[in-house]
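Have the viewer open as you read.

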Amino acid sequence: MSGFVKRRRALNINGTRLSVHSGQSVISLGNPSLDHVFGGGFPIGSIIAIGEDKHGNYSRVLSKYFLAEGIVNKHPLLVASLEEDPLQLVEKLPQPVESTTSVESRAEQEPETMRIAFRYNQLAPVDSEQKSSTALGHYFDLTKTIPSTALLTQDITYWNGDERPDGGIGSFHNPHYASLLSCIHRKASEQQFNATSGEGTKNVLRICLNSIGSPAWYDKNFSGDFLRFIALLKAIVRNTLSVCLITVPLHLFHHLDDFHLYKRVINLFDFSFELEAFAGQMEEQANPVFKEYHGLLNITKIAPFNSLASFHPKTRDLAFKLKRSKFVIEKLHLPPDIVDEDSRAKVQMPTLSCASAGMKNRLDF
């Protein structure tokens, strides 16, 4: 028997490409710097979890990137939320930019003139932003929104909790979990049927679940329902051409009675990271190391998806900042220690001396 195995052809789907690390078809989350951190993209059939910051502002920006990337690539979308109207979330999606070398981006990347060691001004600046030479995703301008005419032609399904469950999908005490799973299963099965029957071209379903596990979902059986929901959701996404982005307020799980819920939830995800914002934290705001950033990005899970080994990023010391028109993820680095001479406190160090006739800057022995 021959030891050679015929290689399968890649899925010919718009907005996907083969990963250089695993050979699987991957998609972009809509932010090339975030894709680069996780190896250039996220494989089809995976669940990506974002641990929300305390106010949920930055995680909402990444959700908009994920949906806007689907609009550009003509991917069907499923948007679910109990915290806010999902229709309002889609109406505020950022507009893609034609070129990344705009005047504004060049001004933002222009380094400051160095007053000390001025010879280093002639050297190329160190670009700490996470970039890839083979970027899959697009760049978007947060100051502009996609026109409503482009949204009307897109296949978008909304879920806000008003839909009743069909029954037969799990046994939940909270009916919202069964209702959401029924909606996801029905939409994913429809896409899978169209792809296999030949009635339509193969396409990727982008599922965006906003703030699942927030106080709007709480009841006395929250832990059991939530874990069962993630397990069934994973089974649906894994067996269809789907990718799910879910934002979860993981910082609230530490206040629950189930102390092991956080670890068990993380184990169910394929990829996960947390956004630790500096807003409201006095120590981080006063620290000069973090003055250029708005928070830290902590990677909590990178699973070996359909492979023997998982991808290992070059560094896990990552920070993010929200500029006027884009969300940037960079390598955390220490700023140069340049302080004005006038601001330095002139402190005289004590010296050794035998005679101490009223001189405070000498030490007796």
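Q: In what order do the three strands form the open sheet?
A: This is a predicted model; local features need pLDDT of at least 70, side-chain atom pairs count only at pLDDT 80 or more, and totals for chains, interfaces and linings use all residues. Residues are numbered from 1 along each chain as its sequence is written, and side-chain values use heavy atoms, without hydrogens and water. Strands are DSSP E runs of at least two residues, and helices are H or I runs of at least four, numbered from the N terminus. The pairing is antiparallel, and the order is β1-β2-β3.

Q: Which strands stand at the edges?
A: Strands pair if DSSP finds at least two bridges between them. An edge strand has a single partner, so one side is left without a neighbour in the sheet. These are β1 (16–18) and β3 (42–43).

Q: How many bridges join β1 to β2?
A: β2 covers residues 25–27 and runs antiparallel to β1. Leu 18 stands opposite Ser 25 in β2. The bridges number three.

Q: How far apart are the end C-alpha atoms of α2?
A: Helix α2 holds 16 residues, 57–72. The expected span is 1.5 Å times one less than the number of residues.

Q: How many of the 16 residues of α2 are buried?
A: Buried means under 20% relative accessible area, with a 1.4 Å probe and protein chains only. α2 is mostly covered. The count is 13.

Conventions
Buried < 20%, exposed > 50% of the residue type's maximum accessible area, 1.4 Å probe, protein only.
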